[in-house]
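Subject: A structure for you to look at

Hi there,

Here is the structure I promised to pass on. Have a look at it first, and then read my notes below.

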Amino acid sequence: MRRQKRMSMRWFFIAVCGLMMLTACGSGGAGSAVKPDSGPSTVSAKTLDEAEWSKVVDSANKEGQVTVYGVLNAKLVTILPEAFHKAYPDITVKYVRLSPADIEARLNAEIASGNATGDVFDNLANNVVDKMADTGKLVPLALPELANPEFDRKVNQRTPYSAYISQTPYAWAWNTKLLPEGIHSWGDFLKLKSSLLGVTDPSIGPAVVGLYQAMEQPQTGGEGFLDKLFSQGKPQIYAGSNPQVAALGAGEVAALLPVPLANVLAAKDGGAPVDFSLYDGSYTIPAEVGVLEGSPHPNAAQVYANWLLSEDGQKALAAGGIQPIVKSVPPRYDSKGIEFVMDKPLPPKDFTAFQQRWAKMLAK
């Protein structure tokens, strides 16, 4: 154990010396482009060399396990551990699926009690990642796969403490029995009977509000789109994409405003009468990976994080219906020519203001 701790500290200091702070931006997968919300940043090319990484892997194999707290879709809870175990048969992955807020609360509680269980996490919320980094709870990354030319490090490593592993695109979705011709424009939503349209409750979090704001951009529904939609009547409101997609498959609603494409794809794979379409300006939320400081399995955490960025890891993520970051790995669906618009941090005042607007629209 002492040897593992010395090794962990060794690559910790290597990474600290080798990395520089980055500014925020994002990217899409193969055949797609994302509009960054800031210019590209510079990043040190430093990563652990072959000899250093070999020692990390050896120690990871001795640790034998890694616990992941994550937000990825339910299908990936099975896919990722199985695929990783094939690459590293001496290491078992325990993937615990939680909400972004629950991940933060759980990790903070573990750290405060001195009884850390989690080793690595993936998250869709930049603010959670940043708060953990600012309070010294994350280890700087110097993973070998960060140097892979297929991983655009300047674009996909937002901070020295995290790296994007995938994008979660949002898509139009409909029930093929109730709407056999599908949804082809934002105007099609306005033609639907309100009770047959499913939408997400924006109080869930800032990312949902960002999604609604993106719906009212010139290239999407346009200014006032939501006011027009609510003027037709009150739609069905759901506390998240999982109940929305379940309702869609059951025929409770005919269509959904944009929801995670992966959820619809999983339902379709399961035989539900649903389909989807990406649109120009499709909203996407990036998932980041971070390694926890002082975790019980620090080397296995590094190996898992590095594997997520490898070709095998990216293929496993793509199998779960999300958009890979590595350019050589295609998604399961056609995203060629689609220009994604990436989620960006939302100021608290904007979140509050939208809740007030939402309440007024519902009251009409």
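**Aromatic pairs**

The count of aromatic pairs comes to 15, where rings of Phe, Tyr and Trp (its six-membered ring) pair if their centres lie within 6.5 Å, and planes under 30 degrees apart count as stacked, over 60 as edge-to-face and the rest as tilted. In Trp 186 and Tyr 279 the ring centres are 5.1 Å apart and the planes at 80°, so this pair is edge-to-face. Trp 186 lies in helix α7 (residues 186-191) and Tyr 279 in the loop between β9 (274-277) and β10, so the pair ties together parts 93 residues apart in sequence. Helices (H or I, at least four residues) and strands (E, at least two) are DSSP runs, numbered from the N terminus.

Trp 186 is buried, at a relative accessible area of 9%, and Tyr 279 is buried too, at 5%. Buried means under 20% relative accessible area, exposed over 50% and partly exposed in between (1.4 Å probe, protein chains only). Ring pairs also join Trp 172, Trp 186, Phe 189, Phe 225 and Tyr 279 into a cluster.

**A word on the model**

Please keep in mind that this is a predicted model: local features need pLDDT of at least 70 and side-chain atom pairs count only at pLDDT 80 or more, while totals for chains, interfaces and linings use all residues. Residues are numbered from 1 along each chain as its sequence is written, and side-chain values use heavy atoms, with hydrogens and water left out.

**Helix α14**

Which residues of α14 are buried? They are Phe 354, Trp 358 and Met 361.

Enjoy exploring!
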